[in-house]
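Please look over the sequence and the model below before reading on.

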Amino acid sequence: SSVSGTQSVSPPVRDEARADEGVSCDAAGIGEAAPWLADLHVQVLNLEAQSLDLQPAVSLIASALTRAGFEPERISIAILTQHPGLSGLGYVWTRIEGQVEFLERPPGFLSTHEHRVSPLHWVMTTRTPLFVDAVGIQTEERFPILQSFRDAGATSYLALPVATARGDVHVLGMWTRRAQGWTESDVAQL
């Protein structure tokens, strides 16, 4: 279910000296993720990607969304900094595996046609959420990757921009197989 042409690698090794930093995995809720992502952005810019571990943050988001009834099948966080020399990093949680997979796009990925026709690029450049409901996902043609999600049973897709202090925008994307999908009121609640 990952983006076509991406390379899957093993998750980075967690730096135990920094294990207590970042998001708490208690039931605090989705709001705890935002400061953690801001800290993540600083680490990406400082080329500390080797020690990053998004498992706690993405697992927290997945748990909170599930408790709220959103039933996500796939959640991705894309680190799409325009910092020279950094490729796009991504972390994907899927319900089937229940764990987070780390993806690193090849150098120059952000300039490729594949990225430019992705919902991630659209959200990053417009800085606005993208919501595709159960009707729209059957006919949406702007973003080819949505067809693969639809083929996997997706009934709705949502991508939200995550602004950072430096001005870059990351993207939190997700889709569901929930019957009838998500509604606009669901998304407004989120």
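How many residues does helix 2 have, and what distance does helix 2 reach from its first C-alpha to its last? Helix 2 covers residues 55–67, which is 13 residues, and reaches 18 Å between those two atoms. At 1.5 Å a residue the expected value is 18 Å, and the span in this predicted model is close to it. The buried residues of helix 2 are Pro56, Ala57, Val58, Leu60, Ile61, Ala62, Ala64 and Leu65. An α-helix has 3.6 residues a turn, so residues three or four places apart point the same way. Among the buried residues of helix 2 are Ala57, Leu60, Ile61, Ala64 and Leu65. Just after the helix, Gly69 takes a positive phi of about 90°.

Now the chain as a whole. The model contains 7 helices and 7 strands. Read from the N terminus, the order of elements is β-α-α-β-β-β-α-α-β-α-α-β-β-α. The chain has 190 residues, and 45% of them count as buried. Among contacts with a separation of 6 or more, 57% are between residues 24 or more positions apart. The chain exposes about 9,400 Å², of which carbon and sulfur atoms supply 53%.

The buried nonpolar residues come next. In soluble globular proteins, nonpolar side chains tend to be buried together. The largest nonpolar core in this model holds 20 residues, and the members that touch the most other members are Leu80, Leu130, Phe149, Tyr157 and Val171. At least two residues of this core come from each of helix 4, strand 5 (130–132), helix 6 (145–151), strand 6 (156–163) and strand 7 (169–176).

Val117 sits in the loop between helix 3 (113–116) and helix 4 (119–126). Its relative accessible area is 23%, so Val117 is partly exposed. Val117 and Phe143 are 26 residues apart in sequence, yet their C-alpha atoms are 5.6 Å apart in space.

Is Ser156 buried or exposed? Ser156 belongs to strand 6, and its relative accessibility is 0%, so Ser156 counts as buried. The side chain of Ser156 reaches the backbone nitrogen of Trp182 at 2.7 Å. Leaving aside neighbours within four places in sequence, Ser156 is in contact with Phe131, Val132, Asp133, Ala134, Ile137, Met174, Trp175, Thr176, Gly181 and Trp182.

The charged side chains remain. The count of salt bridges comes to 4. One of them joins Arg95 and Glu73, at 3.5 Å from N to O. Arg95 lies in the loop between strand 3 (89–94) and strand 4 (100–104), whereas Glu73 lies in strand 2 (residues 72–79), so the pair ties together parts that are 22 residues apart in sequence. Arg95 counts as partly exposed at 33% relative accessibility, while Glu73 counts as buried at 15%.

Another salt bridge links Glu140 and Arg142, with the closest N and O atoms 3.0 Å apart. Glu140 is buried, at 15% relative accessibility, and Arg142 is partly exposed, at 45%.

Buried means under 20% relative accessible area. Asp186 has a value of 14% and therefore counts as buried, and Arg178 is buried with a value of 18%. Salt bridges that share partners also join Glu73, Arg95 and Arg177 into one network.

Conventions:
Residues numbered from 1 in each chain as written. Predicted model: local features only at pLDDT ≥ 70, side-chain atom pairs only at ≥ 80, totals over all residues. Heavy atoms only, no water. Helix = DSSP H or I, 4+ residues; strand = E, 2+ residues; numbered from the N terminus. Buried < 20%, exposed > 50% of the residue type's maximum accessible area, 1.4 Å probe, protein only. Core = buried A, V, L, I, M, F, W, Y, C linked by side-chain atoms within 4.5 Å. Contact = heavy atoms within 4.5 Å. Areas by Shrake-Rupley, 256 points an atom, 1.4 Å probe, with all protein chains shown as cover. Expected span 1.5 Å × (residues − 1). Polar contact = N/O pair within 3.5 Å; in protein donor to acceptor, adjacent residues only side chain to side chain.
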